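Let's learn to read a protein model together. Have a look at the picture below before we start.

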Amino acid sequence: MTGSSDAEGETAHAAPRTSDGVRHAAWFHDLDAWTEYWDVYHPETKGRFYFGDDKDEKGLLTRFLPRIGKPPPVFTAWKKMALGIGPAQAFADAARSPAVAEGVAEVDDLLNRLFATHFGDPRDPAVQEDYLEAIFRFSTDALPGADERHARIAQDDLRKRTAGRHTLDGDIMWFCWALHTEAAELVASPQAHARRMLFLAGIATGAPANFAWRKHRRTRNEYDANAATRALLRRRGILWACDGAAAAREIHALFQIREWGDC
């Protein structure tokens, strides 16, 4: 494992091999090219895999993720479920509503295609290791810069500040990613089950790494920005990749910590 020889207590910031770092960055670049930066790379979509173009296309994410105004019912139901103050059935019912189910499944199909291109078979243990390493580097802002994208974004564009990096600054987005993945398990193709389980494992390890290394929010007290935490998250991630229910429970626990603090 990259960085596993770091002394305990040292900051275990990834030092990826160039080939792996570039390849992992390409995965996140591709994701962003279809979503946040659709106008730069896929204008033909009119923002369909994001929040639309503020014209004719409303965007699939508007159906299940908050942006402006009142959040969609499925988002509220997921939050209550994760916090243990609402039933899982309410989330399932909201996810299965026709517009939400259609949007979730269409986004999931896109993720299936992109994952197959960049990683391969999610049932392969080597692919699982590779994906979890990519998530760790992403969460700790240790991937090569997105210089080409940064150069394309205008100085007065609000995205300019983050366009040159492959990482996640908005901490709630980890849990939005979980919402989509859990909803997709209910309404999308069962053939993508293994990939979605790996995604949940990635969220369950990536979010706390992001919070521990970059101090965005609270996470478990046992996690710190060092080699021991990195190794622990990797061991847990490999187990969670084969146990999506356990990964989802961990994500819900992490959301509770984000909201209320560790217990």
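This is a predicted model: local features need pLDDT of at least 70, side-chain atom pairs count only at pLDDT 80 or more; totals for chains, interfaces and linings use all residues.

Q: How many helices and strands does the protein chain have?

A: Helices (H or I, at least four residues) and strands (E, at least two) are DSSP runs, numbered from the N terminus. Here the protein chain has eleven helices and zero strands.

Q: How do I read the radius of gyration of the protein chain?

A: It's taken over C-alpha atoms, and the globule rule to hold it against is 2.2 Å times the number of residues to the power 0.38. For this protein chain the value is 18 Å, close to the 18 Å that the rule gives for 263 residues, so the chain is as compact as a globular protein of that length.

Q: What about α9: what span does it reach?

A: The expected span of a helix is 1.5 Å times one less than its number of residues. Helix α9 covers residues 193-214, and its 22 residues reach 31 Å from first C-alpha to last, close to the expected 32 Å. Just after α9, Lys215 takes a positive phi of about 60°.

Q: Is α9 mostly covered, or mostly open?

A: Buried means under 20% relative accessible area, exposed over 50%, and partly exposed in between (1.4 Å probe, protein chains only). α9 is mostly covered, with 19 of its 22 residues buried.

Q: Which residues touch the most other members of the largest nonpolar core?

A: In soluble globular proteins, nonpolar side chains tend to be buried together. A nonpolar core is a set of buried Ala, Val, Leu, Ile, Met, Phe, Trp, Tyr and Cys residues joined through side-chain atoms within 4.5 Å. In the largest one, with 73 residues, they are Trp27, Phe64, Trp78, Tyr131 and Trp174. The largest share of this core, twelve residues, comes from α9.

Q: How many disulfides does the structure hold?

A: A disulfide is a covalent bond between the sulfur atoms of two cysteines. The test is a pair of cysteine sulfur atoms within 2.5 Å, and this structure holds zero disulfides. Cys176 is buried, with a relative accessible area of 4%, whereas Cys242 is exposed at 64%.

Technical notes. Residues are numbered from 1 along each chain as its sequence is written. Side-chain values use heavy atoms; hydrogens and water are left out.
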